[in-house]
Amino acid sequence: MRISRRNFAAAALALVLPLSACGSGGDDGGSTDASGKVEGDITFQTWNLRANFKPYFEGLITDFEKKYPGTRVKWIDQPAEGYADKISADAAGGTLPDVVNVSPDLVAPLAEAGLALDLDKAADKYRSEYLDGAWASHQVPGMTGTYAFPWYLNTGPLFYNKSLFEKAGLDPSAPPKTYDELFADALQMADKSDGKVATLANVPTIEDFGRYGARLMNKEGTGFAFDDTKGISLLTHYKELYDAKALDPQALTATPESTGKKFLTGAVAMNPGSALDLGNFKKQAPGLYRSIGITDQITSTGHVNMYVMGVMVNSRTKHTPAAVAFAHFVTDAQNQMSFAKKVAIFPSTAGSLDDPYFTKEDGTDETRVRIAAAKSLKNAVNYTPVLFSEQMKTALRNEVAKALQGKESPKAALDNAVKACDQLLKQQG
C-alpha cells in the first residue's frame, strides 16, 4: 500500500498542513493487553524532529528509562520527505517500529491492516487525560477503536483588517463568526468598495464544508457525503461571493503566498495567519499592523478545525506494556507542555490550554497569536477525513472551480466531486 503525503517538516513552526491517506483491510492480530510489567527494548520513530529537538527527546527517553528500570528505548528519526513511503515499506516488510509518530491519514491504513493497536481496548484508562476532539482524531470511519495517542495540535486564527471593515460600515470590533455572518459582511464589503476589496481569497476546502455543517462521509466510511443540502448551500453562497467580487477573482489559483500579499496590500480583508505574519506586517505595513484584528476561524458548528499529530503503538510489538507506557509518556500533560514551549504547537491534553503560557498576554505578537489559537482549540475537531487523499482534494477543487465559473451548478459540481472521490476511495482499498 502507498500513502501519499503533503510535505510537513514536523517542527510545525507554521500551521500543520492537512494530510491524506489510503489503506487496505485487515484485522488486528496483536495483543491488546498492556497490563503486564513495563520492561524490554522498544524502538521509537519520529518524523523529522532530530535536527531541532535532539536534547528534548534524549532527555525524554532518559526520564522514561529511569521511571521504568529494565526498559531501553532506541530512537529513530526519519526525514520529512518519503516518511509515508518508509512507513508503508516497514509495514509491508514487518519492520515497523514499536512506537511511531503518525498523523491521522497515516494511521488509517495501518489500522485497517491490523498493525495499529486499538487504544480504546489497550489504554482506555488514559482517555480522560486528552481533549475529546484530539482523542477522536485517530479514529477511522467504518472501524471501532482509536489508533494513536493524540500528541501535538495546531490551528490558526483569522486575521482581519479593522480599517477595511470600518470603511464598509461594518463593526470592526465584531468580525463574522459564522458562515452566514461572513457571507453578509463579505457582500457588504464588496458593495461598499465597488468590488475593489474582497473579504476572502480562498475557495472552500473540505474543512470549510465540515465547519459549515455538511456531512463529509457516511458512517461506514465507504463513501463521501458532502454533496448534501448543507454542502450545496455553502458552494451556492461562495458562487454569490465570487460573482460579487467578495471572493477574490484569483481565488481559483491562489497560494498562501499570493493571498498573504493581497491581505498585505488591503485587497483582501480576512486571511489566516501566524505570529510570523504579524512580525512581517510590523516591518512592511505598519498601517495594516495597527489595524489587525485576530478572531477565530469561521464556523457554523461551534467547532474550529484542528490539525493533529499522534503516537501509534504497533499491534505486533513484543513488549505491549512498555510500548503503550512510552507512547503515553511522550504524550502526557507534563511532556507535551515542555515540548510546546520549544516550538509553536499546542498540547492535546485536557487542562493544558488553561496554563498561563496560553492565556496571559505579555505584549508580544507571538503570545497574542498563541492565546487566540489556544482558546479555539479546546473544543476543536479534525474535519479532514482520514481517508481524504491529495487526489481527492484536487478533484474537489476542480469541481468547485467549475461551479464558481458557472460551468456547472453547485449541486452538479459536488455530485461529481463525491463521485470522483468515491472512485478514488475504491482504488485505495
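**Helix packing and salt bridges in a predicted model**

Student: In this predicted model, which side chain meets D120 in a salt bridge?
Tutor: The side chains of D120 and its partner come together with an N to O distance of 3.6 Å, and D120 is partly exposed at 22% relative accessibility.

Student: Is D90, which forms a salt bridge with K86, buried or exposed?
Tutor: D90 and K86 both belong to helix α2 (residues 83-93), where they stand four residues apart, about one turn of the helix, and their closest N and O atoms are 3.1 Å apart. K86 has a relative accessible area of 31% and is therefore partly exposed. Since buried means under 20% relative accessible area, D90, at 7%, counts as buried.

Student: How many residues apart in sequence are the parts tied together by K262 and D248?
Tutor: The side chains of K262 and D248 meet in a salt bridge at 3.2 Å, N to O. K262 lies in helix α10 (residues 256-265), whereas D248 is in the loop between α9 and α10, so the pair ties together parts whose separation in sequence is 14 residues.

Student: Which word describes how α9 and α17 are oriented to each other?
Tutor: Helix α9 (residues 229-243) packs against helix α17 (residues 390-404) with their axes 9 Å apart and at an angle of about 55°. Angles of 65 to 115 degrees count as roughly perpendicular and those under 35 degrees as roughly parallel. The two helices, α9 and α17, are therefore oblique.

Methods:
Residues are numbered from 1 along each chain as its sequence is written. This is a predicted model: local features need pLDDT of at least 70, side-chain atom pairs count only at pLDDT 80 or more; totals for chains, interfaces and linings use all residues. Side-chain values use heavy atoms; hydrogens and water are left out. Axes are lines fitted to C-alpha atoms, for helices over the stretch in contact, and angles run from 0 to 180 degrees between N-to-C directions. Angles under 35 degrees count as roughly parallel, over 145 as roughly antiparallel, 65 to 115 as roughly perpendicular and the rest as oblique. A salt bridge is a side-chain nitrogen of Lys or Arg within 4 Å of a carboxyl oxygen of Asp or Glu. Buried means under 20% relative accessible area, exposed over 50%, partly exposed in between (1.4 Å probe, protein chains only).
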